[in-house]
Amino acid sequence: MQTVENDIFKALADPTRRAIFERLARDGELTVRALTDHAGVSQPAVSKHLRVLKHARLVNDRHEGRETHYSAQPLALAPIRDWMSLYGAFWKERFDQLESLLKRMDQ
């Protein structure tokens, strides 16, 4: 079974998807057409990337007439932040131990 973190990592592993997510986070809600104009890939490719981002809960969509508007959901990155903080504490402890060892070796 996949975890939420895996879905987020997989979604953001692709540079085009990361760029789409970052653009939505920076510029706010945009249509598929507006995203396609700056993505450097075709509209079907942008739509496919948006489906992956939506599956990972990184974007929401809103339908208005024939257009679909997408918006970033930055709070969806919370599981990754939590995961990173866990390992940040782990590595800080390891570096502190290494520093202590190096000081003892210098004496």
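1. Ground rules. Since the model is predicted, local features need pLDDT of at least 70 and side-chain atom pairs count only at pLDDT 80 or more, while totals for chains, interfaces and linings use all residues. Numbering starts from 1 along each chain as its sequence is written, and side-chain values use heavy atoms, with hydrogens and water left out.

2. H1 against H5. Helix H1 (residues 4–13) packs on helix H5 (residues 78–106) at about 100°, with the axes 9 Å apart. Helices here are DSSP runs (H or I, at least four residues), numbered from the N terminus. Axes are lines fitted to C-alpha atoms over the stretch in contact, and angles run from 0 to 180 degrees between N-to-C directions. H1 and H5 are therefore roughly perpendicular (65 to 115 degrees; under 35 is roughly parallel, over 145 roughly antiparallel, the rest oblique).

3. Who touches whom there. H1 brings Val4, Glu5, Ile8 and Phe9, and H5 brings Pro79, Ile80 and Trp83; contact means heavy atoms within 4.5 Å. By class, that contact has six nonpolar residues, no polar ones and one charged (Ala, Val, Leu, Ile, Met, Phe, Trp, Tyr, Cys and Pro are nonpolar, Asp, Glu, Lys and Arg charged, the others, Gly among them, polar).

4. H1 against H2. With helix H2 (residues 15–27), the axes come within 5 Å and cross at roughly 100°, so H1 and H2 are roughly perpendicular too. Lys10, Ala11, Leu12 and Ala13 of H1 meet Pro15, Arg17, Arg18 and Phe21 of H2. This contact divides into five nonpolar, no polar and three charged residues.

5. How many aromatic pairs turn up in the whole structure? The search finds two. Rings of Phe, Tyr and Trp (its six-membered ring) pair if their centres lie within 6.5 Å; planes under 30 degrees apart are stacked, over 60 edge-to-face, the rest tilted.

6. Phe9 and Trp83. This pair is edge-to-face, at 5.4 Å centre to centre and 75° between the planes. Phe9 sits in H1 and Trp83 in H5, 74 residues apart, so the pair links distant parts of the chain. Phe9 is partly exposed at 37% relative accessibility, and Trp83 is partly exposed at 36% (buried is under 20%, exposed over 50%, partly exposed in between; 1.4 Å probe, protein chains only).

7. Trp91 and Phe95. This one is tilted, at 6.1 Å and 35° between the planes. Because they are four residues apart in H5, about one helical turn separates them. Trp91 is partly exposed at 45%, whereas Phe95 is exposed at 52%.

Notes
Helix = DSSP H or I, 4+ residues; strand = E, 2+ residues; numbered from the N terminus.
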